[in-house]
Amino acid sequence: MIEVIFTDASGATMAAQVEPGGRIMDLADEIDAPVSFSCRSASCGICRVQVEHGHALLKPAAEDERDVLDALGASGAERLACQARVGSGEGVIRLRAG
Ligand code: FES
């Protein structure tokens with residue numbers, strides 16, 4: 001099982017475990033984590049999160065997610081929460097949102 005820990009701008013954290021293949025935004029919705037969103041379809045980029053730890057535990061970004069991240073000039077450590085899915089294995093993913 002993979003644990004995802006969200007940290008907001010104030011440093012507060014929220015954590016939950018996620019099944020393999022689970023979408024980060026769905027988990028954020030479930031636990032009311034502070035991830036902003038609008039389109040939920042890899043268009044607006046508002047849901048961009050910084051992956052501080054555990055990047056390898058996420059499935060690789062699909063082309064549409066990469067296109068949005070490239071257009072935003074995002075670093076390689078950033079993902080779109082509405083598109084990023086957890087892979088398999090065990091460990092911890094730390095995300096900074098907000
Ligand atoms: S909510 Fe718009 S790209 Fe994720």
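## How the strands are defined and paired

Two strands pair if DSSP finds at least two bridges between them, and the elements themselves are DSSP runs numbered from the N terminus, with helices being H or I runs of at least four residues and strands being E runs of at least two. This is a predicted model, in which local features need pLDDT of at least 70 and side-chain atom pairs count only at pLDDT 80 or more, whereas totals for chains, interfaces and linings use all residues. Residues are numbered from 1 along each chain as its sequence is written, and side-chain values use heavy atoms, with hydrogens and water left out.

## The sheet

Five strands form an open sheet with mixed pairing, and their order is S2-S1-S5-S3-S4. The edge strands are S2 (13-18) and S4, each of which pairs on one side only. From one strand to the next the twist averages 35 degrees; for angles of this kind, axes are lines fitted to C-alpha atoms, for helices over the stretch in contact, and the angles run from 0 to 180 degrees between N-to-C directions.

## Two residues within the strands

Thr 7 is found in strand S1, and Thr 7 counts as buried because its relative accessible area is 5%; the scale calls a residue buried under 20% relative accessible area, exposed over 50% and partly exposed in between, using a 1.4 Å probe and protein chains only. Leaving aside neighbours within four places in sequence, Thr 7 is in contact with Ala 12, Thr 13, Leu 95, Arg 96 and Ala 97.

Val 92 has its place in strand S5 and is partly exposed, with a relative accessible area of 28%. Although Val 92 and Ile 2 are 90 residues apart in sequence, they are 5.7 Å apart in space, C-alpha to C-alpha. When its neighbours within four places in sequence are left aside, Val 92 is in contact with Glu 3, Ile 5, His 53, Gly 54 and Leu 57.

## The loop between H1 and S3

Asp 32 lies in the loop between helix H1 (24-31) and S3, and its phi is near 60 degrees, a positive value in a residue other than glycine. Asp 32 counts as exposed, at 64% relative accessibility.

Arg 40 is also placed in the loop between H1 and S3, and it has a positive phi of about 60 degrees although it is not a glycine. Arg 40 counts as partly exposed, at 33% relative accessibility. The charged end of Arg 40 sits over the ring of Phe 37, 3.9 Å from its centre, where the rule asks that NZ of Lys or CZ of Arg be within 6 Å of the ring centre and within 35 degrees of the ring normal.

## Cysteines

A disulfide is, in general, a covalent bond between the sulfur atoms of two cysteines. The structure holds zero disulfides, taking a disulfide as a pair of cysteine sulfur atoms within 2.5 Å. Cys 47 counts as buried at 3% relative accessibility, and Cys 82 is buried with a relative accessible area of 3%.

Key
Contact means heavy atoms within 4.5 Å.
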